[in-house]
Amino acid sequence: MKETLLRWALWRRVVIGGIDFAVILIALPLAYVLRFNFTIIFLDGEYWRQFLTGFVVLVPIRFLLRYVFRLHRMVWRHTSLWELRRLVVASAIGSLVGVSAVAFISRLQGMPRSVFILEWGIYLFLTAGVRITSRMSWEMWRGRRVGGAPQQMKSVIVIGAGSAGSTLVRALAQNPGLGECVVAVLDDDQGKHNRELHGVPILTPVKRLPELLSDFETRYVYIALPSATSAQMRRIVRICEEADAEFRTLPSISDTLTGRAILSQLRPVQLEDLLGREPVGVDIEGIAD
């Protein structure tokens with residue numbers, strides 16, 4: 001079993017490396033093809049010599065920066081904005097270093113300047129595209145494999161369209177095996193009305209909760225407002241209780257934003273959430289003495 005996993009990991013690295021290397025190889029030729037309106041006129045004369053110079057310079061630089069920025073260590077199915085920023089920076093530095101090297105070697109004589117811009121755009125588009133496509137494919141496959149039919153999942157309404165609400169909605173969407181589906185997000189910010197959070201509609205205001213619970217035929221509510229004041233929490237809890245909802249809330253904002261509280265630490269609303277402070281204990285034994 002261990003040997004099979006090792007072989008699979010090696011094969012996976014070879015495939016990923018091959019795709020990245022193929023993108024590096026075809027970026028400059030595609031840039032020339034686009035620059036010359038899908039003709040191969042650049043294969044003759046001075047253009048051909050400059051193309052070879054740029055190719056010989058850019059390919060090693062791109063491949064080296066792939067390791068410098070650890071692009072080969074990215075898990076494609078978990079590609080995030082942070083990884084995409086690394087791609088942008090790595091591709092931009094590669095283009096700047098490549099242009100400088102070619103200018104030093106040949107002074108860019110006979111080489112269209114627009115080729116470098118096109119090469120950067122093509123390289124970035126393809127490298128980011130394969131990673132985003134991999135993530136989308138993985139999430140679609142996992143949803144079909146783990147998740148049940150929509151009618152078999154528990155409908156949930158989330159209160160709060162801020163950072164915590166966004167994290168919670170995304171976490172539930174990425175874990176269909178939990179059997180919970182967010183059908184709406186409630187918020188009091190009128191500027192967010194009829195917008196979407198990860199594909200889920202945002203509705204306002206929160207006092208519409210009883211109406212929405214009836215519309216979606218559910219009674220489950222998650223309160224994603226870890227920074228709410230005690231007065232705000234009391235108001236929301238009162239609305240939930242009047243709607244006969246089964247509600248839970250997230251812990252502190254520090255735990256929520258770091259992801260430690262999402263899903264696993266959703267808990268019932270406690271007294272300190274409503275008081276805005278830690279509950280005061282009474283020393284019964286001391287009083288008795």
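**Entry 1**

I began with the contact (heavy atoms within 4.5 Å) between two helices: Gln 50, Thr 53, Gly 54, Val 57, Leu 58, Ile 61, Arg 62 and Leu 65 in α2 touch Ala 90, Ser 91, Ile 93, Gly 94, Ser 95, Val 97, Gly 98, Ala 101, Val 102, Ile 105 and Ser 106 in α3. Sorted by class, I found 10 nonpolar, 8 polar and 1 charged residues there. Ala, Val, Leu, Ile, Met, Phe, Trp, Tyr, Cys and Pro count as nonpolar, Asp, Glu, Lys and Arg as charged, and the others, Gly among them, as polar.

**Entry 2: a note on the model**

I am looking at a predicted model, where local features need pLDDT of at least 70 and side-chain atom pairs count only at pLDDT 80 or more, while totals for chains, interfaces and linings use all residues. Residues are numbered from 1 along each chain as its sequence is written, and side-chain values use heavy atoms, with hydrogens and water left out.

**Entry 3: the angle**

I looked up how α2 (residues 45-68) and α3 (residues 81-106) pack: the angle is about 140 degrees and the axes are 9 Å apart. Axes are lines fitted to C-alpha atoms, for helices over the stretch in contact, and angles run from 0 to 180 degrees between N-to-C directions.

**Entry 4: the whole chain**

I noted 10 helices and 6 strands, which are DSSP runs (helices H or I, at least four residues; strands E, at least two) numbered from the N terminus. Of the 289 residues, 37% count as buried, meaning under 20% relative accessible area with a 1.4 Å probe, protein chains only.

**Entry 5: confidence**

I checked pLDDT, the predictor's confidence in each residue, from 0 to 100. The chain's mean is 80, and 77% of its residues reach 70 or more.

Key. Buried < 20%, exposed > 50% of the residue type's maximum accessible area, 1.4 Å probe, protein only.
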